[in-house]
Amino acid sequence: MIVKYLNSGLKTILLLILVTAPTQYSFDIAKSHLCIADPLIWLGGLMFCFSAAARILFSKASGTTFNGRMLATLKEIMPLPENILFVVLIALSFFKAGNHSDAAIKLFQGIEYVIVAFVLFSKVRYDDKTLAKFGILFLSLVSIVVSIAAIQYFNRHAGIMDVKGTFGNRNTYGGFLAVTLPLILSLILLIKNWWIRIWGFIIISAAGFTLLSGGAALGLLLGCGMVCAFVSRRAFLIWASIIAVAGYFVLPSLPRDNVEVLKQSIRLFDEDGKPEPRYAEWQASVQMWSEQPLLGVGLGNYQSQIGMNYGFIAVKEGPKEQDHNNLFLVYASSTGFLGLIGLLTMLLFWFQRTASSFFSCRNPPGSYQQILALGAMGAIVAFCATSIWTALLVRGVFLLFVIIVAVAISYGRRPAESKI
C-alpha cells in the first residue's frame, strides 16, 4: 500500500517536472539560478528513494529474501554507467577550478539532471495510458511555447533575439526546438491518429517560421532528416521537398527575411570582413584548453577565464550575442579532455541505446516504442549539431532533452504491460 501511494505521488511529480521544464525562468539564490523544476526533481528523487526502500522492506514477493530484494532494487535504480562516468570525469576538474563555488554549483546541476532526473524518467515504469497522457501534455507545452514565439515574431517592436518563446533568446529557443521537433516529426510519421498528425504538423509549421537561429536550423535539418530517412525513402523525399520549397519560396518572403537572418547567425565574417564574435571565442576556447588539456580550468569557470585567452583573432566591438558558445569547446576548456570524453561517451551511448530500441522493436509499426526511440535518436543528432553553435546544457533545454531520451530508453527496456 505504501509503495502504491508513493508511486502515485511520483507520477504526479513527473508530470509537474514536465510542465515546468520548458522555460529558463529562474530565481537567483546564493549565486545560482534555481528553476521551478529544480526542487521538484529533488523531491521526486527523495520519493523515488523512499519507494525503493519500501519495496525492499515491505515487498511480499514469494521466494525472495531481504538481501535478494535489496540487490534487485539497487540494480534496478542504478543510473546508467555512461551517466556515472560523465559525472565522475567532469568532477575531476573541480581540483583545477579557481572558483570552487562555481564548480560546485555546476557539478550539483549536472548530478541533478544526468543522475536524478534521468533516473526518475528512465526507471519508472510506464504503461500506454500513462504515456499517452505524457504525449498530449508534451504537445500542449510545445504548442504554448511556439505560440508565444509566433506572437513575438509578428511583433514589430521585438528584435531578432526576442523571438524566443519562454526562453532567454533565439538561440536557446532554437535549442528547445532542436530537441522537441524530431519527436513530434516521429509522431507525425508513425502514429495512426490523424488529429495528432495534424496537430504536430501545425506545430512544426509554426516553429519553422519562428526559428531564427542558424545553428538550430542546421541541427533540425540533420535530426529531422535522419528521422525521415529511418522511416522510408518516401518520407525523406517529401521532407526534402518541403524544406526546399519553404527555403526558396516561403521563408524569404516572411517579415523577418528568415533565410538571411539564419545565414547571418552562423556566418564566419560580417559585412566588413571581420570575424564574428562566436568564432573569436572558439579560438579563445582552444587556447584555454591548450594550457590545461587534461582537466581544463575547472567546471563552471569558463566565463571567468575565457576573457584572458583572446588575442589571435580580433574581437568585434559592440554588444555580444548571448548563448553562442560551442558546447564541446566549452567542456574541453573547462573540464579538459577527460570531461569532453565523458560528454561524448554519454551522448554516443544514449544514441546506441535508442537506436537499439528502435531496431529491436517487434511491435507493429507506429508503436510507442518506435515513436519514442526514433524521436530520441533525432533529438540526439539535432542536439549535437546545434551545440556546435549554442551550448545546450542549459536550463530548460537540457532537462527536456534528458526527459525525452530517458523515457525512450525506459520504454524500450520494459514490456508494454508494465505499469507505473
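This is a predicted model: local features need pLDDT of at least 70, side-chain atom pairs count only at pLDDT 80 or more; totals for chains, interfaces and linings use all residues.
Student: Which residues are linked with Arg267 in a network?
Tutor: Glu271 and Glu276 are linked with Arg267 in a network of salt bridges. The Arg267 to Glu276 pair has an N to O distance of 2.8 Å.

Student: Is Glu276 buried or exposed?
Tutor: Glu276 is buried, because its relative accessible area is 12% and the cut-off for buried is under 20%. Glu271, at 63%, counts as exposed, and Arg267, at 22%, as partly exposed.

Student: Which residue does Glu82 meet in a salt bridge?
Tutor: Glu82 meets Arg353, at 2.6 Å from N to O. This pair links distant parts of the chain: Glu82 belongs to helix 4 and Arg353 to helix 14, 271 residues apart. Glu82 is buried at 4% relative accessibility, whereas Arg353 is partly exposed at 23%.

Student: Changing topic, which residues have the most contacts inside the largest nonpolar core?
Tutor: They are Phe121, Trp350 and Phe401, in a core of 107 residues. Helix 16 (residues 397-413) supplies the largest share of this core, 14 residues.

Student: And what does Trp350 touch?
Tutor: Its contacts include Glu82, Phe118, Ile380, Phe401 and Ile409.

Technical notes: Residues are numbered from 1 along each chain as its sequence is written. Side-chain values use heavy atoms; hydrogens and water are left out. A nonpolar core is a set of buried Ala, Val, Leu, Ile, Met, Phe, Trp, Tyr and Cys residues joined through side-chain atoms within 4.5 Å. Buried means under 20% relative accessible area, exposed over 50%, partly exposed in between (1.4 Å probe, protein chains only). Helices (H or I, at least four residues) and strands (E, at least two) are DSSP runs, numbered from the N terminus. Contact means heavy atoms within 4.5 Å. A salt bridge is a side-chain nitrogen of Lys or Arg within 4 Å of a carboxyl oxygen of Asp or Glu. Lists of a residue's contacts leave out its neighbours within four places in sequence.
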